Amino acid sequence: MKNFIGSRSLPDMIYHAPESIEKLFLLLSDAARPFRIVAGCTDFIPAVRTGRWSFDEEVTIIDLKQIKALNYIEHQGGMVHIGACTRLTQILESPEIQEKAPVLARAVTTMGSWQVRNTATIGGNICMSSPAGDTIPALLVLDARVTLAGPDGEEEMLLKEFLTGPGQNTMEDNQVMTRISFPAMEKNETACFKKIGNRTAVIISIVSTAVRITLEHGVCRNVKIAMGSVAPTPIRINRAEAFLEGKRLDQEVIHRCGALVSEEISPITDLRASGDYRRDVAATLVKRAIAECMEEKE
Amino acid sequence: MKKREERLVMGKGQYADDLEFAGMAHLVFVGSPYAHALIRSINTDKAMTLPGVVRVITGQDMVQHTHPLPVQANFKKPGWTWRLANVHAMPHDKVRWYGEPVAAVVAEDEETARRAADLVEIVYDPLPATGNALEALTPESPRVYDDWEDNKQVHLKFDFGDPDKAFEMADQTLRVTYREGRVHGLPIEPRGCVAVYDGKNDALDIWGSFQTPFLARHNIAATMGMPEAKVKISAVDIGGAFGLKIHTWKENVVALASKLTGRPVKWMEPHRDFMATGPHQRDVFWEGDIAFKNDGTLLGLKAQVVHDLGVESTNKGIAALSIFPACSAPASMYKWIGMHIEGIGAVTNKSFYCAYRGYGKDKGLKFIESAINQVAKKLGMTPEAIRFKNFIQPDEFPFHQINNYVIDSGDYPATLNKAMEMVDMDGFRKKKADLEKQGRCLGIGVSTTIEPAGVAVPNCQMGGITQARVMITPDGSVEVHSDRTEIGQGAEISHATIAGNILGMDLAHIHVKKVTSDYIGQGPLSSRGAVYPASAVAKAAKLLRKKVVQCAAGLLMVEQSDVDMADGFVFSTKKPETRLSYRELADKVFFFPGPRGLDPEILKNHDHLLDVTATWYSPTTPDTGSSYTTFCVSADIAVVEVDVDTGVTDIVKYVHVHDAGTIINRQVIDGQIHGGIIQGIGEALYESLDYDDQSRLLSTSFSNYFIPTSIEAPDIEIAHLETPSPFSETGSKGMGEAPIIGSKAVILDAVEDALSGFGIRVNDSPASPEKVRQWILETQRKTKGED
Amino acid sequence: MKIPLNLTINGDTVELTVDANETLLHVLRNSASLQSVHRSCEEGECGACTVLVNNEPVNSCLVLAVSVQGASVMTAEGLVRNNEPHPIMKAFTDELGIQCGFCTPGMLMTAYALINRCEGSELTDEFIRKSLQGNLCRCTGYVNIVKAVKKAKQNKDAGYWW
């Protein structure tokens with residue numbers, strides 16, 4: 001077993017900060033191994049300090065932050081595109097996001113501190129693929145797709161297909177995430193993000209949820225419910241979504257939907273909370289999110 | 001005039017991590033990944049091959065070059081248990097808690113030392129561990145110390161007043177249990193120091209985050225086998241302490257490292273190390289019966305408190321010592337017939353346990369507050385009514401409490417009344433009833449407490465020692481020395497204010513020196529700053545004032561009775577224009593008194609030496625055995641709303657009324673109150689050290705040990721009463737701990753009140769969202785079962 | 001790997017040579033001798049090492065120094081002018097928004113950035129608290145810190161600022 005060491009040193013590094021995607025791929029093709037692609041370093045450094053990640057030899061760090069082409073937010077043809085290296089603060093403050101995907105902005109406000117949001121990137125949050133990554137439930141209800149680029153070209157896939165397990169995804173070593181895209185929300189749509197933690201501020205979610213609904217004359221359409229920290233990856237809650245589809249919202253319906261959420265998830269127990277508590281508050285969180293969506297439209 | 005604060009805001013602090021010496025090497029500890037294991041071997045070869053590594057120190061070195069850690073508290077009494085372990089600063093044979101240092105790497109720079117720490121190869125034989133005091137006390141539990149017959153370190157038994165009579169008189173008794181989880185005081189700055197061994201003089205100088213330099217010197221000198229005169233400890237700016245920087249232990253290894261390498265050696269503890277290797281606090285289990293009359297008169301208590309002390313090995317009795325105040329404090333501010341209290345301390349495979357704001361008295365006070373509120377509920381009384389019924393009254397001071405505390409002064413009813421004026425009690429109670437109909441849970445908590453301050457106990461290093469020196473330097477400014485380190489509690493400004501008021505001197509010209517081991521004293525602990533050191537400074541300043549008066553009378557050629565001082569001048573009250581500035585006075589007294597010099601009487605009495613060193617000791621402790629001298633008073637009322645569906649508690653309103661006697665500096669006191677309250681809220685709702693099933697600590701960083709941030713901290717309304725203490729030199733009382741005690745008690749009480757509809761008893765902390773929700777669900781399940 | 005690093009620190013252009021694995025915190029403390037930048041958790045949780053990079057507060061312990069090549073970095077030392085405390089520092093001493101002082105320089109940098117951003121608009125208690133949540137303080141309970149930030153904002157609104 002590894003020694004207990006309060007804080008570990010960072011490994012020797014070769015540092016590259018390519019300024020373009022082309023240069024990035026040139027680097028990737030002949031980078032010395034092992035290498036790590038980083039964007040904000042907000043996860044990389046703590047992982048090394050605690051010994052979760054360790055390197056026996058010099059590690060090549062490829063920092064994407066200087067690639068301007070990966071840092072943008074744009075709204076085009078009904079789609080919102082976000083460069084993977086866009087910092088969380090930029091997302092929070094973007095008028096496009098506030099208008100076209102307020103649920104994402106809401107999720108980002110609950111993430112980390114101002115300092116961390118100034119450094120951390122949306123791509124980094126997705127690529128860490130934590131079950132508790134707070135941007136992910138919001139992006140899941142936005143039907144987000146992610147674009148990965150590598151030496152063999154680009155591929156775009158649904159975010160939910162990208163995530164494969166805790167800290168795991170489909171990305172190959174020589175790929176980088178370049179873009180996150182989703183359709184802009186329509187005027188008649190409403191969405192809400194909620195999370196619960198052991199404290200209000202700067203906290204990792206015990207459970208988080210994003211709910212998105214189109215209310216047509218009080219009837220739910222296109223219901224999307226996603227949750228974080230209740231499964232190996234953030235997930236959509238399909239049965240609860242199907243249940244709400246076409247229903248008129250009232251207390252009873254909301255309550256039954258919450259019960260379905262509890263049935264559908266199988267959260268684990270960890271240091272932050274027990275599986276039972278997660279299952280329990282998951283229902284409450286979803287119910288509240290739906291109720292808030294409803295109130296917003298009224 | 002806030003000299004220190006201005007320096008610090010400008011970024012000119014000099015904390016332990018800022019210390020630099022030529023040729024300095026850096027030390028990093030290697031800790032155990034097991035909570036309990038035999039050390040089979042330690043191989044340092046690989047670590048030593050890393051360029052830049054100077055030396056690796058192991059437990060074998062400690063055995064070879066140092067003495068076991070010295071005893072710090074030792075109480076033997078027939079019928080009592082008091083065991084101490086014989087250990088060195090690092091073990092050579094066995095580790096007893098997760099993170100316990102087993103080796104220390106010294107290297108040219110810290111990064112290299114950290115890297116080499118991973119290369120020290122240690123082979124362990126893991127042993128079963130025990131991580132819970134109640135389990136540790138069972139016969140089948142693994143033993144923490146092989147030479148002890150069980151894990152019971154301490155068992156103390158106290159009879160206060162006449163407990164049997166109390167229970168005979170009682171109409172009713174009520175069983176009360178109360179549990180406090182384990183917490184970490186967690187200043188933002190961990191510990192650190194630089195040790196400089198001077199081989200030519202065989203002397204050791206250590207600078208660092210020492211809360212109690214005089215005690216540190218005693219303990220380090222003993223461990224190093226050096227005369228204390230050859231060791232000097234100097235406190236630098238300290239980034240918070242709250243009791244956690246009293247005990248020196250890893251510092252011994254740093255000192256040895258300097259001696260063995262001949263280099264200045266710096267150690268700056270990583271924050272995770274600080275979390276894992278403690279000291280930790282609280283972690284108690286109370287169980288007892290409280291006796292009372294049907295009219296709410298409190299009579300007696302028979303209770304037992306089990307402490308989970310973790311390992312005993314590092315502070316040699318000081319953790320165990322905290323069981324004394326835990327057992328004594330329940331008498332608090334109420335009248336009783338008698339109490340029988342037993343305090344048990346169990347050792348477990350957890351990090352050591354020591355002082356954190358409250359030390360032990362906090363445990364007794366929180367328990368009794370909770371118990372009294374249970375009695376009130378049982379009798380259908382309000383929490384305020386039962387307190388008014390049982391308070392010691394303002395005309396009864398000094399009051400000899402059954403636990404031997406001689407309580408100095410206060411107006412308990414007025415303190416609580418003031419708090420109730422600040423909260424619309426009836427309004428909130430009505431609102432609670434209204435919201436209940438909507439399924440919402442509002443709760444109003446009430447708690448009152450006294451703060452026993454200025455500890456002085458025999459047979460330990462907390463004996464009540466203090467020394468202060470106030471002198472006027474030849475340039476006419478004042479230099480103040482004492483044992484009261486500045487840990488953020490306003491020591492410097494308080495001392496300056498006291499000396500300035502007595503000497504009529506502007507604060508700009510008063511220099512409160514950083515504390516070194518040169519001055520006797522146990523430092524700021526147990527809220528003694530405003531009791532012992534402040535009294536010693538006041539006493540020295542008063543004696544110095546007399547000297548100034550004598551010299552000034554001679555120099556100004558006026559009667560001594562006509563001399564006064566203000567605004568930096570010493571003058572004749574009859575002719576204010578006949579005056580000397582302190583600069584002129586000092587210049588004359590020291591060097592140029594005039595053609596004929598000073599009056600021979602002044603010289604005979606040495607009154608021209610404007611330098612006074614004074615000691616101070618409690619006026620009540622010697623005859624009564626009262627282990628504290630002043631007792632500040634506080635009342636807390638909190639209104640909370642509990643979200644029944646998530647278990648989250650939101651603080652709606654918080655008021656605190658405080659009586660710390662004569663106020664030296666209100667801003668400082670308010671700051672202590674704010675900080676203490678938020679720490680108490682943290683303990684009540686968020687903070688918990690959690691372990692896995694092998695007793696390994698899981699909460700090792702700010703990301704999983706949740707101290708309140710600016711978001712969780714509510715606004716706090718404060719009011720003051722000012723009842724001087726007759727027993728301190730300034731009339732002020734030690735303060736700073738009542739807020740953390742009262743706030744934890746009141747928040748838990750408020751949560752319980754919020755959950756009154758469910759009949760839930762909140763007797764465990766923290767009342768985290770999950771726990772609260774669990775309580776609600778359990779109650780609902782039971783109710784359903786009964787239906 | 002040694003890398004030349006050009007930064008503007010507190011208004012001065014500096015050229016340093018750093019290792020690729022050095023954090024900005026390490027460089028500021030050790031190469032630039034700026035000891036107001038305090039080190040505690042080294043994992044981006046406590047905020048004691050907060051500095052401004054291009055006017056935005058960041059945890060310098062989570063930033064590789066080489067990754068901010070050419071940036072403008074500001075620390076508490078940079079707020080001091082002619083050995084006089086900056087008006088925000090003055091506000092912190094006036095309101096005693098400081099006890100042990102360890103979190104203070106980081107707290108000041110976040111608060112300074114906050115006030116500068118809120119030019120011409122009101123600064124509510126709630127927004128102050130939200131903005132400071134990444135700067136942990138264990139001594140003050142934040143009460144006087146919030147007061148100090150409001151006082152500093154008043155200082156700025158009254159033209160007492162630099």
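Start by selecting domain 1 and domain 2 of chain B, whose C-alpha centres lie 42 Å apart. Domain 1 is made of two stretches, 404-447 and 630-787, while domain 2 covers 467-616. The model on screen is a predicted one.

Next, select the residues where the two domains touch. Domain 1 of chain B brings 14 residues to this contact, and domain 2 of chain B brings 16. Colour the domain 1 side by residue type: eight of its residues are polar, three are nonpolar and three are charged.

**Chain B as a whole**

The chain holds 30 strands and 23 helices. How compact is chain B for its length? Its radius of gyration is 28 Å, close to the 28 Å that the globule rule gives for 787 residues, so chain B is as compact as a globular protein of that length.

Colour chain B by burial next. Of the 787 residues, 63% are buried. Then look at which parts of the sequence meet: among contacts between residues at least 6 apart in sequence, 80% join residues at least 24 apart.

**A stop at G131(B)**

Zoom in on G131(B). This residue sits in the loop that runs between strand 7 (121-126) and helix 5 (133-136) of chain B. Is G131(B) buried or exposed? It has 23 C-beta neighbours inside 10 Å, so it counts as buried; the cut-off for a buried residue is 20 or more.

Which residues are in contact with G131(B), leaving aside its neighbours within four places in sequence? Select A35(B), T348(B), N349(B), K350(B), Y691(B) and S695(B) to show them. For a distance across the chain, pick the C-alpha atoms of G131(B) and Y15(B): they are separated by 35 Å, and the two residues are 116 apart along the chain.

**Where chain B meets chain C**

Finally, bring chain C into view and select the contact between the two chains. Chain B supplies 41 residues to this contact and chain C supplies 40. On the chain B side, highlight helix 1 (3-9) and helix 21 (666-685), each of which supplies at least two residues. Which helix of chain B gives the most to this side? Helix 21 does, with six residues.

Colour the chain B side by residue type to end the tour. The residues there divide into 18 nonpolar, 15 polar and eight charged.

Key. Residues are numbered from 1 along each chain as its sequence is written. Chains are lettered from A and ligands numbered from 1 in the order in which they are written. This is a predicted model: local features need pLDDT of at least 70, side-chain atom pairs count only at pLDDT 80 or more; totals for chains, interfaces and linings use all residues. Helices (H or I, at least four residues) and strands (E, at least two) are DSSP runs, numbered from the N terminus. The radius of gyration is taken over C-alpha atoms; the globule rule is 2.2 Å times the number of residues to the power 0.38. A residue is buried if 20 or more other C-beta atoms lie within 10 Å of its own, exposed if 12 or fewer, and partly exposed in between; C-beta atoms are placed from the backbone. Two residues are in contact if their C-beta atoms, placed from the backbone, lie within 7 Å. Domain bounds come from an automatic or database domain assignment. Ala, Val, Leu, Ile, Met, Phe, Trp, Tyr, Cys and Pro count as nonpolar, Asp, Glu, Lys and Arg as charged, and the others, Gly among them, as polar.
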